[in-house]
Amino acid sequence: DVTAEYGADALRFALITQSSPGNDLRLDLQKVEDARNFANKLWNASRFALRPIAEAEIAMDAAGPVRPSGDLALADRWILSRLDAVTADVTRLIQSWQLGEAGRQLYEFLWNEYCDWYIEAAKVRLYDGTEAEAQATCQVLAYGLEQSLRLLQPYMPFVTETIWQNLPGLAQDGRALIISRWPSSRGLADASADDAFGRIQEVVRAIRTVRSEY
């Protein structure tokens with residue numbers, strides 16, 4: 001009944017992320033609804049990202065979109081640094097059977113950092129930047145989305161597979177996300193980008209707080 005109302009991915013994600021080792025679990029339908037909203041958020045963000053990605057020349061290798069390098073904007077460097085850190089943390093947590101905490105970290109990264117902060121920042125270079133800036137942003141969008149889908153696949157296998165199959169250059173040869181290689185952290189954290197973008201986030205949050213108060 002819950003699957004029929006909210007979807008299998010939502011139920012699966014809610015059950016895993018509510019759990020902690022050694023404790024009984026009480027099914028909370030509000031958590032299932034939140035997980036469905038998360039799936040919808042990811043779906044809508046992916047629909048936005050796939051439009052410019054489809055029009056760009058995305059550099060690919062045997063695994064998928066190539067990790068961007070070179071002259072990148074601050075937001076690009078920040079999201080790549082955060083993705084690398086999340087990949088390392090989630091892998092470590094899963095290996096130690098802390099599945100709930102790993103899922104919660106993926107939720108925070110995808111909802112707050114990739115879907116909200118990065119996509120909003122990317123719009124500036126996509127719509128108002130040069131052709132080279134838009135191309136670099138598309139490469140980051142594609143790489144970040146593809147790697148994130150690999151990380152989230154064990155938690156939400158259906159929505160991630162559907163989105164992944166629509167990424168250019170991946171499904172044409174019959175491959176599937178479910179049998180793709182697990183991402184590996186490259187140890188390429190960018191402390192300066194983390195600090196600089198974190199300051200921007202603090203300023204934006206402060207402005208939003210003042211605006212809501214007045």
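Student: Where does Ser-212 lie, and is Ser-212 buried or exposed?

Tutor: Please keep in mind that this is a predicted model. Ser-212 belongs to helix H8. A residue counts as exposed when its relative accessible area is over 50%; Ser-212 has 62%, so Ser-212 is exposed.

Student: How far apart are the C-alpha atoms of Ser-212 and Ala-88?

Tutor: Their C-alpha atoms are separated by 37 Å, and along the chain the two residues are 124 residues apart.

Student: How does one describe two helices that pack together?

Tutor: Two packed helices are described by the angle between their axes and by the distance between those axes. Take H4 and helix H8 (residues 191-213): their axes come within 9 Å and cross at roughly 110 degrees. Angles of 65 to 115 degrees count as roughly perpendicular, and H4 and H8 are therefore roughly perpendicular to each other. Their crossing is left-handed.

Student: Which residues of H4 and H8 meet?

Tutor: On the side of H4 they are Leu-74, Ala-75, Arg-77, Trp-78, Ser-81 and Arg-82, and these meet Ser-192, Ala-193, Asp-194, Ala-196, Phe-197, Ile-200 and Gln-201 in H8.

Student: At what angle do the axes of H4 and H6 cross?

Tutor: The axes of helix H4 (residues 74-95) and helix H6 (residues 131-152) cross at roughly 15 degrees and come within 11 Å. Angles under 35 degrees count as roughly parallel, so H4 is roughly parallel to H6. H4 passes H6 in a left-handed crossing. In this contact, H4 contributes Asp-76, Ile-79, Leu-80, Leu-83 and Thr-87, while H6 contributes Thr-137, Val-140, Tyr-143, Gly-144, Gln-147, Ser-148 and Leu-151. The residues of the contact of H4 with H6 comprise 6 nonpolar, 5 polar and 1 charged.

Student: How many aromatic pairs does the structure hold?

Tutor: There are 9 aromatic pairs in the structure. To read such a pair, one considers the distance between the ring centres and the angle between the ring planes. Phe-13 and Phe-38 form one of them, with 5.2 Å from centre to centre and 40 degrees between the planes, and this pair is tilted. Phe-13 lies in helix H2 (residues 8-18) and Phe-38 in helix H3 (residues 29-55), so the pair ties together parts that are 25 residues apart in sequence.

Student: Are Phe-13 and Phe-38 buried or exposed?

Tutor: A residue counts as buried under 20% relative accessible area. Phe-13, at 4% relative accessibility, is buried, and Phe-38 is buried with a relative accessible area of 1%.

Student: Why is the pair of Phe-13 and Tyr-155 edge-to-face?

Tutor: Plane angles over 60 degrees count as edge-to-face. The ring planes of Phe-13 and Tyr-155 stand at 65 degrees, with the centres 6.1 Å apart, so the pair is edge-to-face. Because Phe-13 lies in helix H2 and Tyr-155 in the loop between H6 and helix H7 (157-165), this pair ties together parts that are 142 residues apart in sequence. Tyr-155 counts as buried, at 3% relative accessibility. Ring pairs link Phe-13, Phe-38, Tyr-107, Trp-111 and Tyr-155 into a cluster.

Student: Which residues of H2 are buried, and what do they pack against?

Tutor: They are Asp-9, Ala-10, Leu-11, Phe-13, Ala-14 and Thr-17. The buried residues of H2 pack against helix H1 (2-6), H3, helix H5 (99-128), H6 and H7.

Student: May we end with the loops? Where is Leu-188 found, and where is the place of Trp-97?

Tutor: Leu-188 is in the loop between H7 and H8. At 42% relative accessibility, Leu-188 counts as partly exposed. Neighbours within four places in sequence are left aside when its contacts are listed, and Leu-188 is then in contact with Arg-67 and Asp-84. The C-alpha atoms of Leu-188 and Asp-28 are separated by 38 Å, the two residues being 160 residues apart along the chain. Trp-97, for its part, is in the loop between H4 and H5. Trp-97 has a positive phi of about 65 degrees although it is not a glycine. At 66% relative accessibility, Trp-97 counts as exposed.

How values were computed: Residues are numbered from 1 along each chain as its sequence is written. This is a predicted model: local features need pLDDT of at least 70, side-chain atom pairs count only at pLDDT 80 or more; totals for chains, interfaces and linings use all residues. Side-chain values use heavy atoms; hydrogens and water are left out. Axes are lines fitted to C-alpha atoms, for helices over the stretch in contact, and angles run from 0 to 180 degrees between N-to-C directions. Helices (H or I, at least four residues) and strands (E, at least two) are DSSP runs, numbered from the N terminus. Angles under 35 degrees count as roughly parallel, over 145 as roughly antiparallel, 65 to 115 as roughly perpendicular and the rest as oblique. A crossing is left-handed if the near helix is turned anticlockwise from the far one by less than a right angle, and right-handed if clockwise. Contact means heavy atoms within 4.5 Å. Ala, Val, Leu, Ile, Met, Phe, Trp, Tyr, Cys and Pro count as nonpolar, Asp, Glu, Lys and Arg as charged, and the others, Gly among them, as polar. Rings of Phe, Tyr and Trp (its six-membered ring) pair if their centres lie within 6.5 Å; planes under 30 degrees apart count as stacked, over 60 as edge-to-face and the rest as tilted. Buried means under 20% relative accessible area, exposed over 50%, partly exposed in between (1.4 Å probe, protein chains only).
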